[in-house]
Amino acid sequence: MLSLTCKTAIKAVIYLASKFESGEKAGIKEIAEYINASEHSIGKILQTLVKGKVINSLKGPTGGFFITAKQINRPVINIVLAIDGKDVFS
């Protein structure tokens, strides 16, 4: 069973993937609002996903979170592994 955090992470990545074609970056507030989650939770989740190289981020006024062409083709299991780890399958 996937954790609530993992399910939220999947929703966030799907939202970022929807912005891939336009090349837009999304902020924490925008993502949290769209997927109906708290900004604090989303911030921690996105930070974990960046560390796991599932998504990317840029700081500054034109910054935000985004997905590259290489990342958009990766399987959902990468999100699960970054958030819950492989022990979720034991």
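In which helix is Ile72 found? Ile72 is found in helix α4, where helices (H or I, at least four residues) and strands (E, at least two) are DSSP runs, numbered from the N terminus. The model is predicted: local features need pLDDT of at least 70, side-chain atom pairs count only at pLDDT 80 or more, and totals for chains, interfaces and linings use all residues. Residues are numbered from 1 along each chain as its sequence is written, and side-chain values use heavy atoms, with hydrogens and water left out.

Ile72 counts as partly exposed because its relative accessibility is 30%; buried means under 20% relative accessible area, exposed over 50%, and partly exposed in between (1.4 Å probe, protein chains only). Not counting residues up to four places away in sequence, Ile72 touches Ala17, Phe20 and Ile67, a contact being heavy atoms within 4.5 Å. The C-alpha atom of Ile72 is separated by 9.4 Å from that of Ile14, and the two residues are 58 apart along the chain.

Helix α4 also holds Gln71. Gln71 counts as buried because its relative accessibility is 9%. Residues up to four places away in sequence aside, Gln71 touches Lys53, Val54, Ile55, Asn56 and Phe66. A polar atom of the Gln71 side chain lies 2.9 Å from the backbone nitrogen of Thr68. Thr68 itself lies in the loop between β2 (64-66) and α4, and is partly exposed because its relative accessible area is 24%. Beyond its neighbours within four places in sequence, Thr68 is in contact with Phe20 and Asn56.

The largest pocket has a volume of about 170 Å³. Of the 14 residues that line this pocket, the closest to its centre are Val13, Gln71, Ile72, Arg74 and Ile79. Two or more lining residues come from each of α1 (4-18), α4 (69-72) and α5 (77-83), and α1 gives the most, with 4 residues. The lining divides into 10 nonpolar, 2 polar and 2 charged residues. Here Ala, Val, Leu, Ile, Met, Phe, Trp, Tyr, Cys and Pro count as nonpolar, Asp, Glu, Lys and Arg as charged, and the others, Gly among them, as polar. A pocket is an open set of points on a 1 Å grid over the protein atoms alone where a 1.4 Å probe fits, with protein on both sides within 12 Å along at least five of seven lines; lining residues have an atom within 4 Å of a point.

The largest nonpolar core has 22 residues, and those with the most contacts inside it are Leu16, Ile31, Leu46, Leu49, Ile55 and Ile79. At least two residues of this core are supplied by each of α1, α2 (28-35), α3 (39-51) and α5; α1 gives the most, with 7 residues. Such a core is a set of buried Ala, Val, Leu, Ile, Met, Phe, Trp, Tyr and Cys residues joined through side-chain atoms within 4.5 Å. Leaving aside neighbours within four places in sequence, Ile79 is in contact with Ala9, Ile10, Val13, Leu49 and Val54.

Most residues other than glycine have a negative phi. Asn36, however, has a positive phi near 60 degrees, and its place is in the loop between α2 and α3. Asn36 counts as exposed because its relative accessibility is 72%. Lys53, which is not a glycine, has a positive phi of about 60 degrees. Lys53 is placed in the loop between α3 and β1 (56-58) and counts as exposed because its relative accessibility is 58%.

Note on methods:
Grid points are joined across faces, edges and corners, and a volume is the space filled by probe spheres set on the points. A polar contact is a pair of N or O atoms within 3.5 Å; within protein, one must be able to donate a hydrogen and the other to accept it, and residues adjacent in sequence count only if both atoms are side-chain atoms.
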